[in-house]
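Visitor: I would like to take a close look at a single part of this protein, and I would be glad of a careful explanation.

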Amino acid sequence: MRHSKFLVLASIGLVAALPACSTEEDDPVPAAADNAIRFTAASRLPQGRATSDITTASLDQFFVYGYLASDKSAYMTDVEVNKTGSGLWEYSPVKYWPSGDALNFYAYAPQGMLPQGTTPLDAVHFDNSGTSDFIYAVEPGMTQPAKGSDAQVKFNFRHALARITVMLSSEDSKLEVRVNNATIVGANRTGDFSFPAASTAGEASAESVGTWSNLADKSFNVLFMAQRQSEIITLTPEPVDVDIEGDAAKYFIPQELPFVQGGDYEKEVYLALTCAMYDKATGKKVWPNANTPDINLPNGGLSGEGYIYLSLQGTGFTAWQSGYHYVYNVVINGHPDMSQIEFGNPTVDTFVTVTTQLQP
């Protein structure tokens with residue numbers, strides 16, 4: 001993609017994570033005749049390097065609630081299910097299928113995502129640190145399988161949160177861009193999550209995807225912050241993930257992303273970058289400068305940096321959705337108020353030809 005001079009561009013790549021298919025086909029399948037309830041699970045997340053992503057391969061524990069379909073009374077409460085070395089999923093004590101009734105199953109991972117005293121039948125109040133994935137699954141109306149191949153309750157987990165990655169680069173060979181802070185500002189930290197009513201095993205639909213409500217608590221989520229000069233990121237044409245240490249917030253509650261001009265976290269959600277720009281040939285700082293508006297002016301910093309505010313909206317969307325990975329590719333090739341003198345392609349007037357005859 002070509003970018004114009006002095007461009008600060010945030011392009012977004014989206015990777016969907018709905019729905020996921022089980023990869024547990026090779027697990028041993030016990031006989032169904034003993035009436036024991038057994039579980040297996042699958043989960044999938046977009047490609048990425050974050051080790052906290054929960055995938056089918058990495059999922060080794062989840063927690064289950066089961067309710068009688070007839071009266072919604074509890075049959076299993078926050079039962080811990082673990083994957084063993086043999087590929088089987090085990091829990092204790094073993095429960096058995098009820099006679100003449102069906103079960104509605106709800107599952108989640110990792111541990112602690114449901115506050116004490118809360119169940120999947122409630123709107124779960126969630127305080128999001130941003131560092132942990134949160135997955136959920138629903139299988140309603142389940143009865144004892146009639147054959148061994150169906151002996152397991154097979155959960156397909158969905159992701160309740162959106163995942164965010166910010167990549168930075170600069171393509172201007174004459175400009176040196178140094179970034180010392182990247183923060184997502186104004187995102188709601190808390191909200192109430194409700195499990196869906198329908199099974200999460202099939203294609204995603206309004207009935208089979210969990211919902212969020214009562215969002216609150218605007219937050220500052222620091223993705224990167226240099227503590228000393230040596231930690232400042234100097235941008236190159238090769239994009240770099242600002243979450244260098246891999247421990248910054250990366251999972252966010254799905255929410256609207258209002259943006260006007262940045263700088264008002266009570267009303268907006270935006271990406272704030274603290275950076276400075278230098279002319280490579282002279283080493284002179286060209287931004288921020290005397291033309292920089294007050295809203296972008298530095299407030300301390302390691303090298304007199306200024307603030308750049310970027311909308312987190314993208315082409316075709318104004319909100320984050322659960323189960324999506326939003327990759328923001330931010331290309332900084334300058335700033336509109338740098339006011340550098342540039343020269344365009346020159347033109348030269350053609351000679352006007354005058355022909356005359358001279359005689360002695």
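Is D53 buried or exposed, and what is its relative accessibility?

Guide: This is a predicted model, and in it D53 counts as buried because its relative accessibility is 7%, which falls under the 20% limit for that class. D53 forms a salt bridge with R163, and the closest N and O atoms of this pair are 2.7 Å apart. The two residues come from distant parts of the chain, 110 residues apart, since D53 sits in the loop between β2 (38-42) and β3 (61-68), while R163 belongs to strand β11 (residues 162-169). R163 is buried as well, with a relative accessible area of 5%. The bridge between D53 and R163 is one of five salt bridges in the count.

Another of these bridges joins R189 to D127, with the closest N and O atoms 2.6 Å apart. R189 lies in strand β12 (residues 175-194) and D127 in strand β7 (residues 124-127), so this pair ties together parts that are 62 residues apart in sequence. Here R189 counts as partly exposed, at 33% relative accessibility, and D127 is also partly exposed, with a relative accessible area of 47%.

When you look at the loop that holds D53, please keep the confidence in mind: the protein chain averages a pLDDT of 84, and 80% of the residues score at least 70, yet over residues 44-50 the pLDDT stays under 50, although the model has 34 contacts beyond four places in sequence for that stretch.

Methods: Residues are numbered from 1 along each chain as its sequence is written. This is a predicted model: local features need pLDDT of at least 70, side-chain atom pairs count only at pLDDT 80 or more; totals for chains, interfaces and linings use all residues. Side-chain values use heavy atoms; hydrogens and water are left out. pLDDT is the predictor's confidence in each residue, from 0 to 100. Contact means heavy atoms within 4.5 Å. A salt bridge is a side-chain nitrogen of Lys or Arg within 4 Å of a carboxyl oxygen of Asp or Glu. Helices (H or I, at least four residues) and strands (E, at least two) are DSSP runs, numbered from the N terminus. Buried means under 20% relative accessible area, exposed over 50%, partly exposed in between (1.4 Å probe, protein chains only).
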